[in-house]
Amino acid sequence: MNHDRIKNCVANLTLNPRASVFRHNGGFYLFDPATRTYASMNEPMLAFITNPDDTNLFDEISNNECKKIEDVVNHLYRIGILISPESADKIDMCSEFESHSLTTQLVLFVTTKCNLQCTYCYAHGGDSEKTISRDIWRLAMDYFFSPLNLGTAQKMAKVKNVNLTLHGGGEPTVEFAILKEIVADFQERANSEGLQSSISIGTNGTYNDSIYQWIIENNINVNISLDGTRDVQNRLRPYRSGQPSYDIVVHNLKGLVKTGRHVAFRATITDETVETMNETVELAKELGIATVHFEPVTLSGRRATTGLARPDAEQFAEKFLQCFLLGLKHDITVKWSGLRCFEHSNQQFCGACGQNFCVTPDGNITTCYEVLESNDPAAGIFFIGNVDLIHGRVVWDQSRIEKLKQRITENIYACKGCFLRYQCAGDCPIKSFRYSKRDLYSPDPYRCQISDRINKQLIAWLADGLIFPRDVEQASIISLNHHII
Ligand code: SF4
Ligand code: SF4
């Protein structure tokens, strides 16, 4: 009886193309990016999930198992993982994505000056001395708060919060007087519009006590770079004078922790430091840090002259996974930019695909944090406008914006069939560009290799019930280990 019911129930069902099944370390897994479903299963169940209308599979199984499978089928149908074949070609992931077309964040690259001389600096920080002028940042802010931008955003999306991010290409805090002026102006404008404002700063963490006080008084979110233990930090991130930077950075991290904040730092990893990643997580525990963000060194900038190399992809992935587990043990979130399997689905990797509004010290508007100079070959792609001081306005290059916005999962041939395509969405566009010598649509295979290893392992651990990180609340974790033959 149950056999007939289940045969009727599954006849004409198919796996939604947005979902993936894969084998990993001898196990079988189902991953659905839209509902964030992570399921483990045995091989017969895999055969069923990938070919559910093969009703012969049910002939040999017990009534009891039939009932369980019927429940599974109903659940997978309800959440859209199993669908009728007629709707398979109508599946439109785009409808599941949020719109990112409104700009509620303004990013200012304050200066190229820097007190450190990091051995891999992507921006050659400190080698030049350009600081954003008052005319440029004020005009950018005029536009940001104008009806053309926020007015529209407010009407369309009931915007209540705006963010100002102060970033590098240099160290923003070396221009403290200018920082204070920028932040005060932004807060005042937001206030007068009835908007909540938040301020963030990316810093090397070497600031003095008066800057620390200002950070606390203004409730500024701080992202600090610290590459790991004393030796590593001092070797990779010395002052321009050659002096070590570890003590002051750790002093400032401790100061932030003392205030009860959620404090994070970012560690850049080279082939020489990959083996020290565990020690970095232990150090984070000792300091009371909540999040450690690891990132392999980028191929651009000063690294070309200092000869530092990226860590081996496999080795980085293995170390990262160890650190992830260590982080769970110590209640520390361990991140990497390509760890996407716990996130909601997205059509684009990041705001560099036409959304970001970042102003360089020269008054160019870039969407990418790594493209700041007009002589960078990537400027022809990522510079989407400029602050025109002569005519007192912001000028946009609409065709470049449109081109960047086209870089969505569906248009990236290299990602077709990848289990992570609706979260990773072609990975970092500037890394594609630099790897492939100017093609935005050719992801860097180095990063894909890391992504594949890390994301599949984490999906498997989660589906097998071995981990339960914070980020997966409200996700669906199911076991489909039913024996159907
Ligand atoms: S990485 Fe940051 S702190 Fe280091 S030299 Fe470059 S801009 Fe300065
Ligand atoms: S192929 Fe690479 S870039 Fe594309 S989605 Fe997969 S991991 Fe990301």
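Guide: Two strands count as paired if DSSP finds at least two bridges between them. Strand β11, residues 291–296, and β12 pair over three bridges, in the parallel sense. Within that pair, T291 stands opposite T333 in β12.

Keep in mind that this is a predicted model.

Now step back to the whole sheet. It is open and has 11 strands. Their order is β12-β11-β10-β9-β8-β7-β6-β13-β14-β15-β16. The pairing is mixed. One edge strand is β12 (333–335), and the other is β16 (393–396). Each of these pairs on one side only.

Next, the helices. Helix α5, residues 134–144, lies across β6 (105–109), β7 (161–167), β13 (358–359), β15 (383–388) and β16. Helix α5 runs at about 75° to β16. Helix α15, residues 398–405, also packs on the sheet and touches β15 and β16. The direction of α15 makes about 150° with that of β15.

Then the domains. The domain assignment gives domain 1 as 2–91 and domain 2 as 105–396. Their C-alpha centres lie 44 Å apart. Five residues of domain 1 are in contact with five residues of domain 2. The two domains bury about 380 Å² between them, with 46% of it on carbon and sulfur atoms. On the domain 1 side, P33, R36 and Y38 lose the most area to domain 2, together 81% of what that side buries.

Last, the ligand. The residues around ligand 1 are C114, L116, C118, C121, G125, G170, N204, R237 and R302. By class, that shell has four nonpolar, three polar and two charged residues.

Terms used
Residues numbered from 1 in each chain as written. Chains lettered and ligands numbered in written order. Predicted model: local features only at pLDDT ≥ 70, side-chain atom pairs only at ≥ 80, totals over all residues. Heavy atoms only, no water. Near = heavy atom within 4 Å. Nonpolar A, V, L, I, M, F, W, Y, C, P; charged D, E, K, R; others polar. Helix = DSSP H or I, 4+ residues; strand = E, 2+ residues; numbered from the N terminus. Contact = heavy atoms within 4.5 Å. Axes fitted to C-alpha atoms, helices over the stretch in contact; angles between N-to-C directions. Domains from an automatic or database assignment. Buried area = accessible area lost by both parts, 1.4 Å probe.
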